Amino acid sequence: MEMLEFLRTRRTIRRFEPRPVPAGLLAEAVDAARVASCGTNRQTVKYIIVQTPETVAKIQPLVHWAAALPPEQGRPRPGEEPTAFIAVLQDERLPGCSDVDVGLALGSLTADAWSHGVGSCIMGSIDRPALTQLLELPQGVTLRYMVALGYPAHKSHLVPVRDGSVNYYLDENRDYCVPKRPLEEVLLKTL
């Protein structure tokens with residue numbers, strides 16, 4: 001698959017099949033994040049893989065799904081929950097923490113997972129205090145995002161923006177429709 005087509009198909013997934021992601025694939029996704037570019041090569045982003053069903057179940061009520069949809073549409077139903085999470089952390093004990101570095105790491109992590117058919121959802125609307133306690137984070141290590149992972153139980157595809165709205169929505173099959181502005185609108189000029 002060509003890179004641009006790969007990127008067009010790597011969409012957020014919010015409903016998953018109930019089969020676990022192999023531990024080796026989760027570790028590879030973290031390794032892909034580890035080798036992502038980062039400012040001044042400071043490497044302040046850290047990770048925790050959560051794959052045991054008991055801990056995954058404890059995380060479920062601490063993350064919030066699909067803010068643009070009503071909960072009954074955006075939240076996974078029983079049997080559709082992710083089978084793993086990766087906590088993306090910032091080690092503030094090291095100098096040079098950067099949101100850009102976190103973003104680059106998230107992009108590499110989720111792209112690597114997708115290369116194996118594993119869907120993901122980057123979650124920023126999370127209960128950070130409760131998750132920090134559950135994950136037993138050391139002082140100075142801050143939870144930035146949770147990434148839900150699993151094999152997709154729905155499709156997600158790009159659609160043109162309608163009436164100026166970029167809100168995603170579900171079609172009649174409960175598949176995600178993700179409006180994207182056209183290139184002509186976002187590329188202001190070429191000099």
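Residues are numbered from 1 along each chain as its sequence is written, and side-chain values use heavy atoms, with hydrogens and water left out. Because the model is predicted, local features need pLDDT of at least 70 and side-chain atom pairs count only at pLDDT 80 or more, while totals for chains, interfaces and linings use all residues.

Helices and strands are DSSP runs, numbered from the N terminus (helices: H or I, at least four residues; strands: E, at least two). Helix α5 spans residues 99–115. It has 17 residues. From its first C-alpha to its last, α5 reaches 24 Å, close to the 24 Å expected at 1.5 Å a residue. The expected span is 1.5 Å times one less than the number of residues.

Ser98 caps the N-terminal end, where a side-chain oxygen lies 3.1 Å from the backbone nitrogen of Val100. This is a polar contact, a pair of N or O atoms within 3.5 Å; within protein, one must be able to donate a hydrogen and the other to accept it, and residues adjacent in sequence count only if both atoms are side-chain atoms. Gly117 follows α5 and has a positive phi, near 80°.

Burial was assigned from relative accessible area (buried under 20%, exposed over 50%, partly exposed in between; 1.4 Å probe, protein chains only). In α5, the buried residues are Asp101, Val102, Ala105, Leu106, Leu109, Thr110, Asp112 and Ala113. They cover an arc of only 155° around the axis, so they sit on the same side of α5. The arc is that of the directions from the helix axis to the C-beta atoms. These buried residues pack against α2 (23–34), β1 (45–50), β2, β3 (119–123) and β4 (141–150). Contact here means heavy atoms within 4.5 Å.

At 2% relative accessibility, Thr110 is buried. Its side chain reaches the backbone oxygen of Gly107 at 3.4 Å. Thr110 also touches Arg10, Ser120, Ile122 and Val147, not counting residues up to four places away in sequence.

The strands β5, β6 and β7 were considered next. They form an open sheet of three strands in the order β5-β7-β6, with mixed pairing. β5 (156–160) and β6 (169–170) stand at the edges with a single partner strand each, so one side of each has no neighbour in the sheet. Two strands pair if DSSP finds at least two bridges between them. β6 and β7 (residues 176–180) pair in the antiparallel sense over two bridges. Tyr169 stands opposite Cys177 in β7.

Asp175 lies in the loop between β6 and β7. Its relative accessible area is 12%, so Asp175 is buried. Asp175 touches Arg15, His154, Lys155, His157, Tyr169 and Leu170, leaving out residues up to four places away in sequence. Asp175 and Pro76 are 99 residues apart along the chain, and their C-alpha atoms are separated by 12 Å.

Salt bridges were then counted (a side-chain nitrogen of Lys or Arg within 4 Å of a carboxyl oxygen of Asp or Glu). The count comes to eight. One of these joins the side chains of Arg174 and Glu80 at 3.3 Å, N to O. Arg174 lies in the loop between β6 and β7, and Glu80 in the loop between α4 (71–74) and β2 (84–91), so the pair ties together parts that are 94 residues apart in sequence. Both partners are buried: Arg174 has a relative accessible area of 19%, and Glu80 one of 15%.

A polar atom of its side chain lies 2.8 Å from the backbone nitrogen of Arg77. Beyond its neighbours within four places in sequence, Glu80 is in contact with Arg14, Arg15, Phe16 and Arg174.

Another salt bridge links the side chains of Asp91 and Arg93 at 2.8 Å, N to O. Asp91 is buried at 4% relative accessibility, whereas Arg93 is exposed at 52%. The side chains of Arg181 and Glu185 also meet in a salt bridge, at 3.2 Å, N to O. Both count as partly exposed, Arg181 at 40% and Glu185 at 43%. Elsewhere, salt bridges that share partners join Arg15, Glu80 and Arg174 into one network.
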